[in-house]
Amino acid sequence: GNELRVWKYRCLLPVKREPVSLKEGGTPLYHATKLAEELGCKVYVKHEGANPSGSFKDRGMTVGVTKAIELGRNAVACASTGNTSASMAMYAAKAGLKAYVLLPAGKVALGKVAQALMHGAKVIGIRGNFDEALALVRKISEEEGFYLLNSVNPFRLEGQKTIAYEIVDEIGTPDRVVLPVGNAGNISAIYKGFKELKELGLIDSIPKMSGVQAEGANPIYKAVMECREDIDPVLKPETVATAIRIGQPVNAKKALRAIYESNGTAVQVSDEEIIRAQKDLAAKEGIGVEPASAASVAGLRKLVAEGVVERDETVVCITTGHLLKDPEAVIRACGQPIEVDASLEAIRAVL
Ligand SMILES: Cc1ncc(COP(=O)(O)O)c(/C=C/C(=O)C(=O)O)c1O
């Protein structure tokens, strides 16, 4: 039954023992009626912000942390733009494992840092970007015997592929799946999920995997525009969507294969387009997401404008994280509340 959520699919997950679970998955698939009207196609939004730690990472961590226990490890580690560390800290706490986190100092949304700290991880800020932090955590984990849980770890992708399973369980196979791409694990994982269902004969087509990147952090986009099998790193990635402020995605080859084999595509969007989509999702659809997650809708808008998306396509946008992760980005986008004296007149004056 659905109460098992991710572990409803345990027969397709590479884990033998009882999973370390916080009831992840089973996230809502909303019909975005106003977006559908605006864009002329059927638009669903699968809100991964509804997971226990507020992002899709929980799907990968429930499998990855369970595997760490299975392998007899007692410490896990990751570099993170924030959500991976929040999720890893939460599942490590549940599992009784030590957790070590490297973050790009000053570039991680406050909500995510709060989660990693409160769930008991050792949180270290690196004076460098995510890509540098990832290179360092891979070396430190090797030396110290930490179990590395970045998406270089295939068990992370095994958990995240369940996004595809849930979509098919609920609405069958959409024509297209649109999602933000940073380290490129999620697009690779979701593609794998659809491919497995096709190989099992459960579906007969695979959705066009469409990756969205910020203009300032767009190595996958540039590679797709040149039909390349690998990327040139972006050395100084910059975007307000700090979750995808990544210039050297470790899963680039898998992601490019996913895009090409599914006849998908990639698109880049500006920070302004991301924030506008974030506001529209919240204010028109009641779906509260963090900036990187809104890139999926900003990207779909651009693909429709470019005529890439057919008019009657069924599209699923994956919104990967919760609005609450980055309240400071909201204040920058919306300004502060109006402050008035505690009187009826003062309130009437600003209604
Ligand atoms: C909200 C949100 N949306 C999209 C992505 C991109 O997913 P991938 O392309 O699979 O990397 C992330 C990634 C976050 C990290 O990479 C990390 O937390 O270290 C995210 O947090």
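A polar contact here is a pair of N or O atoms within 3.5 Å. Keep that cut-off in mind as we look around the ligand in this predicted model.

Start with the contacts themselves. The backbone of Thr81 puts a polar atom 2.9 Å from an oxygen atom of the ligand, so this pair falls within the 3.5 Å limit. Asn186 also uses its backbone, with a polar atom 2.8 Å from a ligand oxygen.

Now step back to the shell. There are 21 residues around the ligand, and Asn83, Thr84, Gly182, Asn186 and Thr320 come nearest. Two helices, α3 (83-95) and α8 (185-199), each supply at least two residues of that shell. By type, the shell splits into eight nonpolar, 11 polar and two charged residues.

So where does the ligand sit? In the largest cavity. The count is one cavity of 30 Å³ or more, and the largest cavity has a volume of about 330 Å³. Its lining is made up of 26 residues, with Phe56, Lys57, Gly182, Asn183 and Ala243 closest to the centre. Two or more lining residues come from each of α3, α6 (154-160) and α8, and α8 gives the largest share, three residues. Sort the lining by type and you get 11 nonpolar, 12 polar and three charged residues.

Terms used:
Residues are numbered from 1 along each chain as its sequence is written. This is a predicted model: local features need pLDDT of at least 70, side-chain atom pairs count only at pLDDT 80 or more; totals for chains, interfaces and linings use all residues. Side-chain values use heavy atoms; hydrogens and water are left out. A residue is near a molecule or strand if one of its heavy atoms lies within 4 Å of it. A polar contact is a pair of N or O atoms within 3.5 Å; within protein, one must be able to donate a hydrogen and the other to accept it, and residues adjacent in sequence count only if both atoms are side-chain atoms. On a 1 Å grid over the protein atoms alone, a cavity is a set of points where a 1.4 Å probe fits but cannot get out, and a pocket is an open set with protein on both sides within 12 Å along at least five of seven lines; lining residues have an atom within 4 Å of a point. A molecule sits in a cavity or pocket if more than half of its atoms lie within 2 Å of its grid points. Helices (H or I, at least four residues) and strands (E, at least two) are DSSP runs, numbered from the N terminus. Ala, Val, Leu, Ile, Met, Phe, Trp, Tyr, Cys and Pro count as nonpolar, Asp, Glu, Lys and Arg as charged, and the others, Gly among them, as polar. Grid points are joined across faces, edges and corners, and a volume is the space filled by probe spheres set on the points.
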